[in-house]
Amino acid sequence: TGESTNQLKLSIVASLTGAIRVRIVENLPRWQPDDILLSDGLISQPLSTISTGDSRLPIALSKYSSNSYLALSANDDIVLAVHFSPLKIELYRGQYLVISINDRSLIHYEQQLSDSQLVDRNDILSLSDEERHGGKEIVDFGEDGLATYADGTKEERGSSLDIGRQLSGINSYAESFQGHTDAMTRGPLSVGVDISFPSSSHVYGLPEHTSPLSLPTTIGSTVGKEGVYREPFRLYNLDVFDYELNEPMALYGNVPLLLAHGVIDGTSVSSGIFWFNPSETFVDISDNHPSEKFKQSHWISESGQIDLFLFSGNSPNGIFKQYAALTGTQQLPPLFALGYHQCRWNYRDERDVATVDKTFEELDYPFDVIWLDIEHTDGKRYFTWDKNVFPNPIEMQRNISSHGRKMVTIVDPHVKRDSNYYVHRIATEKGLYIKNKDGSDFNGWCWPGDSSYLDFTDASVRAWWAEQFETNNYQGSTEDLFIWNDMNEPSVFNGPEVSMTKEAKNRLGIEHREWHNLLGMYMQRATGEGIVRRGTKLREPDSSYLTSYLNAIGWQKEKQVDIPKNIPRSFVLSRAFWAGSQRFGAIWTGDNKAEWGHLAISTPMLLSLNLAGISFSGADVGGFMGDPSAELFTRWYAAGAFNSFFRGHAHHDTKRREPWVYGEPYTIYLRSFAMLRYTLLPYWYSTFYLAYKLGTPVMRAMFVEFPNDANVLSMDDQYLVGDSLLVKPVTEAGATQTKVYLPAGSGVWYDLLTLSAVGEGTKNGAEIVVDAPLDKIPVFIRSGKILPRKLRLRRSSKLMFYDPYTLFIALDQNTQSASGLLYLDDEYSTAYLTDPLQYAVRSLVYSNGALVNANANDSVGSYKNSNLVERIVIVGSSFIPKRVIVRQSNNEDRELVFNYHNNVITVKKPDVNVSEDWLIVFE
């Protein structure tokens, strides 16, 4: 406790999901967002005390005096021990101690100053532009935060004058950085605590960083070993120009989720914590303990509260479920968003766009979305078009959509300060901007020059922003136009660390330091609401659809109501993110480079994001900055085809790199990778459904699927898409072969293209060497799985809608069985959210020589379509059938034609509907 008037209070609540919430707060109120956590994840269950002698009491607690701690339990598996002096909180799962809070006594809570203790700090100012830049005329600021002067010179890093003279003699906690000063009005407010994972050998999460999947240590150990990193992991959203690899430095977004995992006596133990505090946070990782299975962390946040959610389970999937109940699951994207996206800063004009689209058509090359960067606007005024080069935007979009494709335009958070620009004029009149500490509108420098920034933390501002996407406001837009939110960390070129001063305030007077990390997510949310509002207004202007849609996907908490069935889903890409961003769209890893190291690090970066619930994520194919060689671009394109979000993008200073610019044979290679992606769209879509329904990752680290195999716990150069496809990107120049690890007990794996058996995951696992020429990425089907695909070549996903399916069945060698899932809906609208007639989850099971298609046990969906199964391919069968018969509930038995070649059974034209029940028997 601090002063008697400002004591700290501890509360512990158990949720129905199994998560435990631990909060430490002071009497004086501190700001905390009230619209991030979902109500379903906060439903509590009683905690009962456990007395000495109770069989549920872990043996490890017997060494403590019974009156020195309080043991609590919500179920038979979980016991929470609260030790009184010193304070320590332990979470046991069975006999395993999985989480320990404050076992190193590092807890601290800097309590805020009361009103009577505050001093006037209005005289603590940052350097003026005159002082900082020596009187030179500023004509621009770069994304690196440095000024460009009228005389042609540029500001040098660290050249700003020392402002210590301004602070001397002032009784304050003010801090200065590169000419910027933070007065810290209420004094230091930091909170922190140490959290250990005594049963875990590895920890994961804390995206976004360019670090390995298994997080390296940041401080030394008892054996004299230094930490791998010299600095803690920093969680603070920043526009980082030219970011470095293998660093814990802050990047564009973050999720304060730490997962832990270990294998004890062949049994996996998983746990995790969610640090519900959006202020700037630092996390140290160490293994400063004699046990190899004892990871430690130390969390420090600049302000906010100590508010923790503790998770535990037998496998990572249990952790995903508990976390998803709190922050939501991945939005189910429209199918087109899972296709290939072609982007560049910038396509010059309508003719350039038409030429790119036409070339894809001529090459029979599939792609779904073409993107326009900031140069398409009228002077960086978003929601406008440069009429000199884009005079007919509606016609341009209609030409694109005639091929089944969509367009994306960029809309950034900075609003050009121009009284003739309607967005700025109205935002000023309504008082919608973030404020300086003196109450004036914040003015920072970004792409348009002088800019102000909307307060997206305010629900009424988000609602106003959403209205701007209606077609009568966003002139020149159509329903085939979707949105890209960039620079929303927020990026302020002349601000501290290329961002906004922490003393800026939202409309409620809350300082920017409290909600900085949330701004990008709030913007993406508002933009997504805008896309939905646009579709609503075009169909039912007076309906209550928008609110009900937000309810249905967990964006708001009010009661659901019926909604129209034909409203398009939103697609919004954001660079900045925080916990919960998965509900609102996709993210990407920012301004990467055309280098082999950036290709290699993209996999662990994306796997970390997936662990944190953000499955719809990707890295710019080819690298945003620099010019990739043909080999690098080809390898990156192959890898991108097996990332959740698949987009090629490039800086305006780079050479053009549409997939045909390298010539042959590279165009053939790239086209084959794109085609492979499109044939797998039914599987991708079904896997995204599971992410939406259950919170499971789409791109899965090896330990997620094989938690008992100690060999995969730090593996991050190969991964699974869903539970069925093993992917090993090639990330080294000149490579023609690569090593692939087949996990322990995983059975036989089959090459995706040739269907030949490549090896078997034996009892102890097996490493194999596979050929990896430039025209191939090693991808393998897991035995015991059924893979739905569409094999007919189309030039966009929309044109595939009525195409038939091919089912690839890889039988388990021991059980001669396999299973899979196929999710069906209209692939575009929101109807699936509330109407069971608009979706279906089909269970595909092969067992005892029969393939059964039926509704999944836990699904009430009954959507019907006209798509047939045109082919069934089976590998790994222990017998060659004499005949194959299809049995449907409304038809007589029908014998099917099949052949057997190279250990593969192929059944031709079964012509059964994928949305109906049927049985195919292999006699």
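The lining of the largest cavity is made up of 11 nonpolar, three polar and three charged residues (Ala, Val, Leu, Ile, Met, Phe, Trp, Tyr, Cys and Pro count as nonpolar, Asp, Glu, Lys and Arg as charged, and the others, Gly among them, as polar). This is a predicted model, where local features need pLDDT of at least 70, side-chain atom pairs count only at pLDDT 80 or more, and totals for chains, interfaces and linings use all residues. Numbering starts from 1 along each chain as its sequence is written, and side-chain values use heavy atoms, with hydrogens and water left out.

A cavity here is a set of points, on a 1 Å grid over the protein atoms alone, where a 1.4 Å probe fits but cannot get out; lining residues have an atom within 4 Å of a point. Leu335, Pro682, Lys790, Tyr805 and Glu827 lie nearest the centre of the largest one. Domain 2 (335-688) and domain 3 (783-922) both contribute to its lining, so this cavity lies between them; the bounds come from an automatic or database domain assignment.

The second largest cavity has 15 lining residues, with Trp345, Asp373, Asp486, Asp591 and Phe624 nearest its centre. Its lining splits into eight nonpolar, one polar and six charged residues.

Now for strand S40 (residues 779-782), where Val779 and Ile781 on one side and Phe780 and Arg782 on the other are all buried (under 20% relative accessible area, 1.4 Å probe, protein chains only). Strands are DSSP runs of E, at least two residues, numbered from the N terminus. S40 runs antiparallel to S35 (residues 725-727), joined by three bridges, and Val727 has Val779 as its bridge partner.

Definitions and conventions:
Buried means under 20% relative accessible area, exposed over 50%, partly exposed in between (1.4 Å probe, protein chains only). Helices (H or I, at least four residues) and strands (E, at least two) are DSSP runs, numbered from the N terminus. Two strands pair if DSSP finds at least two bridges between them. On a 1 Å grid over the protein atoms alone, a cavity is a set of points where a 1.4 Å probe fits but cannot get out, and a pocket is an open set with protein on both sides within 12 Å along at least five of seven lines; lining residues have an atom within 4 Å of a point.
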